[in-house]
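Subject: Structure for you to look at

Hello,

Here is the structure I said I would pass on. Please open it first, then read the notes below.

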Amino acid sequence: MRRPRRRVTVVDVASAAGVSPGTVSNAISGKRKVDQDTRARIDRAILELGYVPNLAARGMRTGRTNTIAVFSSMPTAVAAGSARLGFLMEVAASAAVTALEHNMALVLVPPIREASKALSSVPFDGLLMIEPEEDDANLARLRQRGIPTMVIGLRDGAPGPGVTMNFQRMAELLISHLLETGVRHMPLILGQSTRQSNLFFRQTYERMMAQAGLAARVHVVPEADAERGASAAILQDIAAGLPIDGVLAPIDAMAAGTMAALRQAGLSVPGDVKVATRYDGFRARSETPPLTALNLRLDEVAQIATAGLIGAIETGGAPILTGPEPRLVVRSSTVG
């Protein structure tokens, strides 16, 4: 019988590259800087020998799982939606690629009622948390346990690690666009949580409407009842005879509810009412007509956050990183 091939080790790679095993380990883990020429020799040796890091053995030595998790405390209706293709999955997909590039795996913790149990029982070295509320109990619990937690959507003045996102700029882009298209009676539909996106959108909307000499009208809807709540709010305005020629619904599930209400009322988009939302995801692109939205560049946000989290795990630091600027994507829900 043919003997099974012996597993290639760090010692084999070191011998082929003409360096010490410790230098190979540093190059693979990124713990210490390795000069470019040495790194190139190590990479060639890894490819030629077919070396695969033994993550289980490394975990036993370091006490780590070589795993990071991604989590959002928003309800599934907002974070993923019925198609399970919301921004949570977009962040997770990009984060998984970056994690693998650092020889780590990614675990998706879905938005569930008993999230605290999952977060305390699933083993991971660090966690990406998407847009927590101001006093998020899960975030506080993770930090008390000393688990590095990179917040995506870190609020001003909050401790790191985290990635800041320019929610004010997001609101300004959408509101300015709607006003430029001639909208003058535009309710804002928001979630009732204390997430930064809700707070900044409300502040910016009220300020810009006042500056334009226009009346502000804000509807606050529970995120768990996003579509039905938004639909009911718009139908209530229409039944009350309130003027409406535009709607800003930053949460895409609420934008979908808005569109359903307008169709029920026999109003056309964009002829009678113009509609815009924040996240340029599946809901925005699949609506009829497609919705004007923002490219939040979540793939870049996820890459920045994941690399920052891995750095925090390795060094114990708490970096505060800046996310990319959003870009307006104009579609036929606001222009005829």
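In which segment is V335 found? V335 lies in the segment after β12 (327-329); strands (E, at least two residues) and helices (H or I, at least four) are DSSP runs, numbered from the N terminus.

This is a predicted model, in which local features need pLDDT of at least 70 and side-chain atom pairs count only at pLDDT 80 or more, while totals for chains, interfaces and linings use all residues. Residues are numbered from 1 along each chain as its sequence is written, and side-chain values use heavy atoms, leaving out hydrogens and water.

V335 has a relative accessible area of 33%, so it is partly exposed (buried means under 20%, exposed over 50%, partly exposed in between; 1.4 Å probe, protein chains only).

Last, helix α14. It runs over residues 298-315, 18 residues in total, and spans 25 Å from its first C-alpha to its last, close to the expected 26 Å (1.5 Å times one less than its number of residues). Its buried residues include L298, V301, T306 and G308. After α14 comes G316, with a positive phi near 80°.

Regards
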